[in-house]
Structures are given as structure tokens and as C-alpha cells.
Amino acid sequence: MNNMAGLQDQLRLVPLEHYVFLCIVLFCIGMTGVLLRRNLINVFLSIELMLNSVNLLAVAFSVYHNDPNGQAFVFFVMVVAAAEVAVGLAMLVMIYRNVRTVDINALNQLKW
Amino acid sequence: MTEVLFYSLAAISIISSILMIFHKNAMYSVLYLLICFFSVAGLFVMLNAQFLAVVHVIVYAGAIMVLFLYVIMFLNMSTPITIRKSKLVMGIAVFTGLLLCFVLTTALWSTDFGSNPAIVDQNIGLASTLGKVLFKEFLIPFEVSSVLFLSAMVGIVIFNKKDVKDEIDIKNNHG
């Protein structure tokens, strides 16, 4: 019971808005990273950061609204992120073998 | 106390992610992102989502970061790479990020997210609760995700398989 009261104090101390704004900032940093860097590895890292901020937001809403379904969704987002990173890094290694660089501008022939 | 912990974890995650996107060396970027992931795991624990905090550390900080470090070492990219975009493009990228941040913040500034719950279920983030949810309501997506992993694995193997025809060509050229 004591623990319960402690948890409620904890939730009252940090409003949900602060989690929302933290996640917005993290997401925007990730998007800036995608636009800023030409190194494919850094682009993937920025995408991971964006997925992470969305996960944090889903967990915050799930806890504040008392619904475990949100956390199940976060679990599936993690599953998809793991598969995405594995496939993406395999593609990166393949691109590196073919063009000998990880500069995304080396692949600009996809434009035409 | 809890408030101080929240703001320090938030500050650590934001600062380390900013350092991550601006660092020239890919290896250091991965390590800064690792710091960010650990602080996000701390935020998960603060939200009483213990199971997801553990899964987050194992999957992201463990598996994915090791994969990134392995690829960086495999491609021998630990030396700083000097491919940078022009100053104009970098400025536009930072401006776009700040603009998105500004737009989202102002859009959500006066939104009412509802008052904090009167009673919080303390067991919401435990493995037993989430296990029941996963295996009752989300059983089919759970099974589909295993198929997704299998297809990802097959795709990776096919991507990185050396072409048999190329090998024969190389042998003929050398012979």
C-alpha cells in the first residue's frame, strides 16, 4: 500500500506533457540526423532513435491511461525494429561490397 | 527526487543523442546512442514498465548495438569519415528539425491529455500481465512476428550470398 502511494506521487510529480515534449525533442533530433548525415550507419542510428522515442511515448500513455495494450504494441515495435536493423545492415554490407563506400550519395543513380 | 531523476535522465538522453548526430566518428555515434538507450531504459523503469525496460536493454543495447559495432568494425570504418554535406544543406537540415520540433510543441502545448489516473495498476508493466496480453489478445500478431523474423533471416542470407556465377567468372579469369 505504501508502495502504491509512492507510485502515485511519482506520477503526479511528472506530468504526461513532459514525456510528450521529451519524445518530440528526441524524434526531431532523430529526423535531423537522417537529413544531416550522409553516412548510412548514422542514418540507421537516427532511425533507431526515432523508433525509441515513439516507444517511450507509447509506454508513457499506456501507464498513465492504465492500459497494457500499449506496452504490447511497444513489444511489436521492438520486434520490427530488430528485423529492420538486421536487414538494413545486410543491405549496407552489400552496398559497401558493390560501391566501396557508405556514402548515400554514391547511390544517386536510383534517382533516374 | 523523482522529478530530479526524470529531468536528469531526459537531459542525458537529449544531450547524448545530439552528440550522436553531430559526431564524425561512427563508432562514437554508436556509443553515444548506447548512453541514450540506457537513459530511456531508466525512464521505462520510472514508468513502472520493468519488463519493457529489460527487453529494451537486451534487444537495443545488447543485440542491435553489437550488430552496429560489428558492421563498423567489419567495414573498417573506425577512422573518421569526412563525407559531410555542404554547409547550406546542414543548415537546412537543422532548421527543418527545429521547425518540426516547434510545430509539434505548439500544436500539443494546450492539448489536454487527461488528468493523471486516480488509481494506477502497479502490475501493468510486469512480465505476467504483458504475457497474458500477448498470448490472449495479440496471439496472431505474435506468431506473425516470428514469421517476419524468419523471412528477415532468409532475406539476409540471400542478400549476402556470393553470386555463384561471379565466382565461376573469377575462377575462369584466374585460370
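**View 1. Helix 3 of chain A meets helix 4 of chain A.** In this predicted model, one side of the contact is built from helix 3 of chain A, with Leu40(A), Phe44(A), Glu48(A), Leu51(A), Val54(A), Asn55(A), Ala58(A), Val59(A), Phe61(A) and Ser62(A). Facing them from helix 4 of chain A are Gly70(A), Gln71(A), Phe73(A), Val74(A), Val77(A), Ala81(A), Val85(A), Gly88(A) and Leu92(A). Sort the residues of this contact by class and you get 13 nonpolar, five polar and one charged. The two helix axes sit 9 Å apart, and the packing angle is about 175°. Angles over 145 degrees count as roughly antiparallel, so that is how helix 3 of chain A and helix 4 of chain A run relative to each other.

**View 2. Helix 2 of chain A packs against helix 3 of chain A.** Here the angle is about 165° and the axes are 8 Å apart. Helix 2 of chain A and helix 3 of chain A are therefore roughly antiparallel as well, and their crossing is left-handed. From helix 2 of chain A, look for residues including Leu16(A), Tyr19(A), Val20(A), Cys23(A) and Phe27(A). Helix 3 of chain A answers with a set of its own, among them Asn42(A), Val43(A), Ser53(A), Leu56(A) and Tyr64(A). By class, this contact has 17 nonpolar residues, six polar ones and no charged ones.

**View 3. Zooming in on Cys23(A) and the largest nonpolar core.** Set aside the neighbours within four places in sequence, and Cys23(A) is in contact with Ser53(A), Leu56(A) and Leu57(A). Cys23(A) also belongs to the largest nonpolar core, which has 60 residues. Which members touch the most other members of that core? They are Cys23(A), Leu45(A), Leu56(A), Val59(A) and Ala60(A), joined by Leu33(B) and Phe44(B) from the other chain. Two or more core residues come from each of helix 2, helix 3 and helix 4 of chain A, and likewise from helix 1 (2-22), helix 2 (26-46) and helix 3 (50-74) of chain B. The top contributor is helix 3 of chain A, which gives 13 residues. As a bit of background, nonpolar side chains tend to be buried together in soluble globular proteins.

View 4. Is Leu89(A) buried or exposed? Buried: 22 other C-beta atoms lie within 10 Å, and the cut-off for calling a residue buried is 20 or more. Along the chain, Ile41(A) is 48 residues away from Leu89(A), yet their C-alpha atoms are separated by 8.2 Å. Leaving out residues up to four places away in sequence, Leu89(A) touches Leu67(B) and Val71(B).

**View 5. Where chain A touches chain B.** This contact draws 63 residues from chain A and 69 residues from chain B. Split by class, the chain A side holds 45 nonpolar, twelve polar and six charged residues.

**View 6. Chain B, a chain with seven helices and zero strands.** Start at the N terminus and the elements read α-α-α-α-α-α-α. Of the 175 residues in chain B, 19% are buried. Take the chain B contacts with a separation of 6 or more: 56% of them pair residues 24 or more positions apart.

Methods: Residues numbered from 1 in each chain as written. Chains lettered and ligands numbered in written order. Predicted model: local features only at pLDDT ≥ 70, side-chain atom pairs only at ≥ 80, totals over all residues. Contact = placed C-beta atoms within 7 Å. Nonpolar A, V, L, I, M, F, W, Y, C, P; charged D, E, K, R; others polar. Helix = DSSP H or I, 4+ residues; strand = E, 2+ residues; numbered from the N terminus. Buried ≥ 20, exposed ≤ 12 C-beta atoms within 10 Å, placed from the backbone. Core = buried A, V, L, I, M, F, W, Y, C linked by C-beta atoms within 7 Å. Axes fitted to C-alpha atoms, helices over the stretch in contact; angles between N-to-C directions. Parallel < 35°, antiparallel > 145°, perpendicular 65-115°, else oblique. Left-handed = near helix turned anticlockwise from the far one by under 90°.
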